[in-house]
Amino acid sequence: MLSTIALLPFLGLAAAHFRLLEPTWRGDSFADGASQWLWPCANVSETTDIANRTQWPLTGGSLVINGSHPWALTYVNLGLSTNVTNFNISLVDNFNQTGKGVLCLKETGRAALEEGLRESNISVESLDGMQASVQVIQISHSGASLYNCADITFNASAALLSDDECKNGTGVAGGPVQNADSAPTPTGSAGPSESTGAAVAMMPGLGGGVLAGMVAWALL
Ligand SMILES: [Cu+2]
């Protein structure tokens with residue numbers, strides 16, 4: 001059918017975005033009417049059935065994404081309550097996802113969550129039962145942002161994923177984003193630098209040649 005054929009180029013693009021597997025995303029952002037290019041949540045509406053919200057521990061839950069870009073700068077933000085438009089608690093320092101496939105953060109943003117609660121004058125006790133939304137953003141080589149969101153309920157008895165459930169795929173890693181002129185060491189142990197500029201830091205397990213390629217690409 002003509003409409004299907006017309007959509008093919010877009011499907012090709014869509015195949016290169018990312019999925020949010022945990023917490024369970026609001027809905028399929030590859031579906032008709034949704035687009036991961038759209039802030040803040042890919043034009044996917046908030047989960048209406050409270051039973052369908054992922055239960056998250058009060059210290060931050062597990063996060064699993066399935067990325068299909070070779071690398072993407074990744075941000076994980078939280079907005080408390082419902083109808084969130086302000087995802088003002090950044091749960092993790094932005095990091096670089098490298099390698100296509102599944103990437104898991106076991107306990108996402110414990111310290112940032114504590115800090116965010118303090119700033120919002122919310123006690124950990126009153127967090128129990130509170131609804132919130134998690135927003136994951138990926139930025140890849142073109143600089144455009146991709147969005148996915150998940151709706152959660154904080155729950156004191158919710159558990160993190162087990163180690164078996166929280167595993168990175170082969171060749172997939174998350175690493176720090178680092179300044180351009182702090183030459184990363186081949187061992188991946190480069191620390192923070194006070195210099196300026198933006199580039200991609202060394203990830204453990206990647207060879208220096210791969211890194212050089214990544215930095216060169218990032219600077220294009
Ligand atoms: Cu893509």
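Biologist: What makes Glu115 and Arg118 a salt bridge?

Modeller: Happy to start there, with the reminder that this is a predicted model. The rule asks for a side-chain nitrogen of Lys or Arg within 4 Å of a carboxyl oxygen of Asp or Glu. The side chains of Glu115 and Arg118 meet at 2.8 Å, N to O, so the pair meets the 4 Å cut-off. Both residues lie in helix H2, three residues apart, about one turn of the helix.

Biologist: Why is Arg118 called exposed, and what is Glu115 called?

Modeller: Exposed means over 50% relative accessible area. Arg118 has 55%, so the word applies. Glu115 has 35% and counts as partly exposed, because that value falls between the 20% and 50% limits.

Biologist: How do you know that Glu114 and Arg110 form a salt bridge?

Modeller: Their N to O distance is 3.9 Å, which is within 4 Å, so the pair counts. Glu114 and Arg110 are four residues apart in helix H2, again about one turn. Glu114, at 39% relative accessibility, is partly exposed, and so is Arg110, at 41%. There is a network here as well: salt bridges link Glu107, Arg110 and Glu114.

Biologist: Which salt bridge does Glu46 form, and are its two residues buried or exposed?

Modeller: Glu46 pairs with Arg53, the closest N and O atoms being 3.3 Å apart. Buried means under 20% relative accessible area. Glu46 has 17% and Arg53 has 4%, so both count as buried. By the same rule, the count of salt bridges comes to seven.

Biologist: Let's turn to the core. What makes a set of residues a nonpolar core, and how many residues has the largest one?

Modeller: The members must be buried nonpolar residues joined through side-chain atoms within 4.5 Å. The largest core has 27 residues, and those with the most contacts inside it are Leu78, Leu80, Leu91, Val134 and Phe154. The elements giving two or more residues to this core are strands S1, S3, S4, S8 and S9 and helix H2. S9 supplies the largest share, four residues. A second, separate core of five residues includes Trp71, Leu73, Ile137 and Ile139.

Biologist: What does Phe154 touch?

Modeller: Leaving out residues up to four places away in sequence, its contacts include Trp56, Pro57, Leu58, Leu78, Leu80, Leu113 and Met130.

Biologist: Why do you say that S4 and S6 pair?

Modeller: Pairing needs at least two bridges between the strands. S4 and S6 have four, in the antiparallel sense, so they qualify. Ala72, for example, stands opposite Gln97 in S6. Four bridges also join S6 to strand S10, residues 173–178, and these two run antiparallel. There, Thr98 has Ala173 as its bridge partner.

Biologist: How do you know that both faces of S6 are covered?

Modeller: Phe95 and Gln97 on one side and Asn96 and Thr98 on the other are all buried.

Biologist: And how much of the whole chain is buried?

Modeller: Of the 220 residues, 44% are buried. The secondary structure comes to four helices and 11 strands. Among contacts between residues at least 6 apart in sequence, 66% join residues at least 24 apart. The accessible surface is about 11,200 Å², with 56% belonging to carbon and sulfur atoms.

Definitions and conventions. Residues are numbered from 1 along each chain as its sequence is written. This is a predicted model: local features need pLDDT of at least 70, side-chain atom pairs count only at pLDDT 80 or more; totals for chains, interfaces and linings use all residues. Side-chain values use heavy atoms; hydrogens and water are left out. Buried means under 20% relative accessible area, exposed over 50%, partly exposed in between (1.4 Å probe, protein chains only). Contact means heavy atoms within 4.5 Å. Accessible areas come from the Shrake-Rupley method with a 1.4 Å probe; for residues, only the protein chains shown count as cover.
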